[in-house]
Amino acid sequence: MRAYVNYNDKRWKKYNIDFQKIVQAVVENSHKQSEVSIVLTNDKEIHRLNKKYRKIDKPTNVLSFELGDDILLGDIYISLDTVKKEAKQFGISVQEHTAHMVVHGVLHLLGYDHIKDEDAVVMENKEIKILKKIGVKNPYVHESGVYSDFECCPGERFLSRLKRFKIRKNSVWQYLILFILGGVASLGFAPYYMWWATILGIAGAYKLVVSLEDDNIWKSLLHVFSFSAAYAMSMFWWVLHSIYVVPELTNQFAVWTIPGLIGIGLLGGVVFAIPFMAVSRVHVKTSYRPFVFALAWTFVLWLREWLFTGFPWNPIANITMISPVLSNSMSLWGALGLTFVIIGLVAAVIELINNNKNKLNWVNFGIFVALLLIGGMFGRENIYIAQENTNVSPIIRIVQPATSAEQKATHSRAEALKNAEQNIKNLISLSNAPEKVDITIFPETAYPFVVLDDDAFPLADVLQTNVISGASYYSKGKMYNSMVVASQDGEINKIYNKSHLVPFGEYRPFGDIIPTPGQLNKGDGPELITMFLNDRQFIFAPAICYEIIFSDSLLPKGNMHIDAIINITNDTWFGNTPGTYQHLDMVRRYAIESGLPVVRSNYSGISAFVASDGSIESLLPVGEAGYIDGMVTGAHKTPYRLIGRDGWMLIIFAFACCAMLVIRKCKGK
């Protein structure tokens with residue numbers, strides 16, 4: 001085999017490399033008369049070729065262009081700039097690394113490849129043997145010194161192989177590790193609060209995915225899908241627990257368990273892959289990636305507020321609930337802003353690890369650290385305001401029946417009536433304590449009879465107190481999941497109808513294609529309810545069940561005084577699973593964002609008084625029947641509440657774009 005060498009960059013000549021000797025070592029019997037062209041160039045030229053022919057917008061070490069002829073095999077381009085940089089990194093000479101690049105390029109012209117694992121092993125072994133013939137040590141074990149052939153001892157052989165281990169593109173290891181990282185990333189939320197696991201999971205996935213650059217959108221989705229699917233299933237599997245709470249439902253819906261879990265994985269696999277897909281594209285500059293990644297993740301969270309009826313469960317911001325100062329930064333910019341800062345900081349740290357000599361990576365890191373500190377300052381101030389604001393409040397009693405869903409369920413008509421009467425007696429017994437209160441609150445669906453127009457509410461009359469209770473309400477041929485507000489004489493003053501219904505639980509999104517336990521109607525949206533208590537006004541925003549997980553969902557537009565949010569819910573369906581604890585954290589998040597205390601009455605737990613800084617003042621744990629009395633104080637208006645969710649999304653978008661423009665100008669200088 002003969003080599004024709006072209007020096008497009010004259011700097012190559014000083015290295016005095018015998019290219020003919022190298023290509024001769026590669027020769028195979030069928031190619032003794034073949035010829036190759038070796039073009040010795042630099043990063044500028046090879047970058048242009050890489051972008052033009054491979055659609056990869058960056059320089060590389062070697063490019064091979066096969067001509068498809070048995071004699072004229074093709075051209076090999078080698079960049080001196082990249083070869084020098086890699087040789088220094090590996091601790092070898094430029095001559096040794098160039099020899100490897102020549103052998104690697106010629107083998108490509110001879111039909112060898114390394115796309116698949118098995119092909120890569122064959123090609124690497126071939127390279128090792130060829131280079132050994134010309135006195136170049138194993139290029140894949142730079143740390144092994146003269147023992148590159150593993151002859152010293154079994155221990156050295158194991159360590160050398162361990163050092164050689166790397167994740168190959170589209171390999172089984174790639175998908176398995178990403179799947180594990182997805183599961184690990186879900187552990188930062190309640191009840192585990194292993195915030196560091198979420199950080200490590202996302203950081204590991206980010207580092208791996210950005211190394212698998214691809215301009216094909218479907219390939220970039222495939223690369224990260226195992227992470228995002230595992231992340232979604234690990235966070236949301238508890239939703240399917242509801243199927244097994246009542247035997248009748250189990251008999252009807254158990255068959256949907258596996259399809260349901262697969263559906264969670266498929267949908268979550270796409271949704272949570274979007275930020276990684278945004279940064280894995282080859283044209284995204286390294287210095288921009290932290291902002292692109294953080295903005296994409298925040299945008300996905302914003303989309304989850306309303307897309308497919310919405311489910312913004314577990315924003316990354318919620319992993320900070322164990323840190324009051326950090327979590328209270330949501331009073332400034334909400335879960336959107338805190339998520340942007342955390343995700344951006346994770347990406348900035350990884351970029352810094354990848355290349356700490358790039359000054360712009362340090363700038364990015366500094367920006368996100370500064371944002372975190374600014375948020376912490378606002379968080380500390382929000383805690384102070386919440387604790388100092390001690391307005392006079394009515395005395396409120398939260399009642400938690402903790403009756404099982406099976407006991408509540410209707411069976412025969414006679415048994416249903418018997419259960420309903422027993423439930424009423426149980427509610428009266430639990431709440432009829434000697435201490436006098438201004439309001440008694442019962443959870444979602446606590447009242448076992450359907451409320452009709454012009455009905456009275458005898459439960460309030462019996463207790464001789466103002467009552468707020470969940471109930472089913474029937475009016476004009478429509479059934480609602482409602483909150484009933486009744487005075488102590490039993491008169492119903494207000495009925496609020498839930499407006500954000502649960503798909504597949506309270507209504508059928510796709511008609512009768514997928515069976516659904518209920519088919520309810522939705523209410524008119526957010527409103528405020530005023531109660532007059534001892535010549536005082538008590539104004540609250542009602543929220544039923546998971547309506548409270550949506551930012552801006554409960555408070556009507558306008559500058560009005562609000563004392564609290566009253567949230568009635570029923571988490572019986574989810575038992576003692578992570579979902580129950582995560583639901584409480586979503587309530588705490590809303591309290592911080594809005595600056596409003598929350599009174600939460602849950603059928604089976606967790607019921608709680610949540611302060612306007614998100615702290616829990618008192619609670620009833622899962623499965624415990626009883627009541628707690630308390631007051632609500634600390635209501636105030638936060639910056640987030642004034643600007644709103646959509647306003648903050650625009651601010652975050654503008655900030656990220658401006659930051660990238662500034663970085664671009666700095667890079668130009």
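Does Asp-9 count as buried or exposed, and at what relative accessibility? In this predicted model, Asp-9 has a relative accessibility of 8%, and it therefore counts as buried, the limit for that class being under 20%. This report begins with the chain as a whole and then returns to Asp-9 and other parts of the structure.

## The chain as a whole

The chain has 669 residues, of which 53% are buried. Its secondary structure comes to 22 helices and 17 strands. Along the principal axes, the C-alpha trace spans about 105 × 55 × 50 Å. When contacts between residues at least 6 apart in sequence are considered, 67% of them join residues at least 24 apart.

## Asp-9 and its surroundings

Asp-9 lies in the loop that runs between β1 (2-7) and α1 (19-26). Apart from neighbours within four places in sequence, Asp-9 is in contact with Leu-40, Thr-41 and Asn-42. The side chains of Asp-9 and Arg-11 are joined by a polar contact of 2.9 Å. The two residues also form a salt bridge, with their closest N and O atoms 2.9 Å apart. Arg-11 has a relative accessible area of 36%, so this residue is classed as partly exposed. A network of salt bridges links Asp-9, Arg-11 and Asp-81.

## Salt bridges

Side chains of opposite charge can pair when their charged atoms come close. In the whole structure, a search finds twelve salt bridges. The table lists three of them, including the pair described above.

| Salt bridge | N to O distance |
|---|---|
| Arg-11 and Asp-9 | 2.9 Å |
| Arg-397 and Asp-629 | 2.8 Å |
| Glu-593 and Arg-589 | 3.6 Å |

Arg-397 forms its salt bridge with Asp-629. This pair links distant parts of the chain: Arg-397 belongs to strand β5 (residues 396-400) and Asp-629 to strand β17 (residues 626-630), and the two are 232 residues apart. Arg-397 is buried, with a relative accessible area of 2%, whereas Asp-629 is partly exposed at 30%.

Glu-593 and Arg-589 are both found in helix α20 (residues 578-594), where they are four residues apart, about one turn of the helix. An α-helix has 3.6 residues a turn, so residues three or four places apart point the same way. Both Glu-593 and Arg-589 are buried.

## The four-stranded sheet

Which strands make up the open sheet of four strands, and in what order? The order is β1-β2-β4-β3, and the pairing is mixed. Because β1 and β3 (62-66) stand at the edges with a single partner strand each, one side of each is left without a neighbour in the sheet. On average, neighbouring strands of this sheet are turned by 20° against each other, direction ignored.

Within the sheet, strand β2 (residues 35-41) and strand β4 (residues 72-79) run parallel and are joined by seven bridges. Ser-37 has Asp-75 in β4 as its bridge partner. Helix α1 packs on the sheet and touches β1 and β2, its direction making about 140° with that of β1. Helix α4 (residues 94-109) also packs on the sheet; it touches β2, β3 and β4, and its direction makes about 145° with that of β4.

## Helix α8

Helix α8 (residues 195-210) has 16 residues, which at 1.5 Å a residue should span 22 Å; the end C-alpha atoms are 23 Å apart, in agreement with that value. Among the buried residues of α8 are Ala-197, Gly-201, Ile-202, Tyr-206 and Leu-208. The elements that cover the buried residues of α8 include α7 (172-185), α9 (217-236), α12 (274-280), α13 (289-303) and α15 (330-354).

## Strand β12 and its partners

Why is strand β12 (residues 536-544) described as largely enclosed by the rest of the structure? The reason is that seven of its nine residues are buried. Strand β11 (residues 529-533) pairs with β12 in the antiparallel sense over five bridges, and Ile-529 stands opposite Phe-540 in β12. These two strands, β11 and β12, form a hairpin with two residues between them. In the turn, Asn-534 has a positive phi of about 55°.

β12 also pairs with strand β13 (residues 564-569), in the parallel sense and over five bridges. In this pairing, Ile-544 stands opposite Ile-568 in β13.

Technical notes: Residues are numbered from 1 along each chain as its sequence is written. This is a predicted model: local features need pLDDT of at least 70, side-chain atom pairs count only at pLDDT 80 or more; totals for chains, interfaces and linings use all residues. Side-chain values use heavy atoms; hydrogens and water are left out. Buried means under 20% relative accessible area, exposed over 50%, partly exposed in between (1.4 Å probe, protein chains only). A polar contact is a pair of N or O atoms within 3.5 Å; within protein, one must be able to donate a hydrogen and the other to accept it, and residues adjacent in sequence count only if both atoms are side-chain atoms. Contact means heavy atoms within 4.5 Å. The expected span of a helix is 1.5 Å times one less than its number of residues. A salt bridge is a side-chain nitrogen of Lys or Arg within 4 Å of a carboxyl oxygen of Asp or Glu. Two strands pair if DSSP finds at least two bridges between them. Axes are lines fitted to C-alpha atoms, for helices over the stretch in contact, and angles run from 0 to 180 degrees between N-to-C directions.
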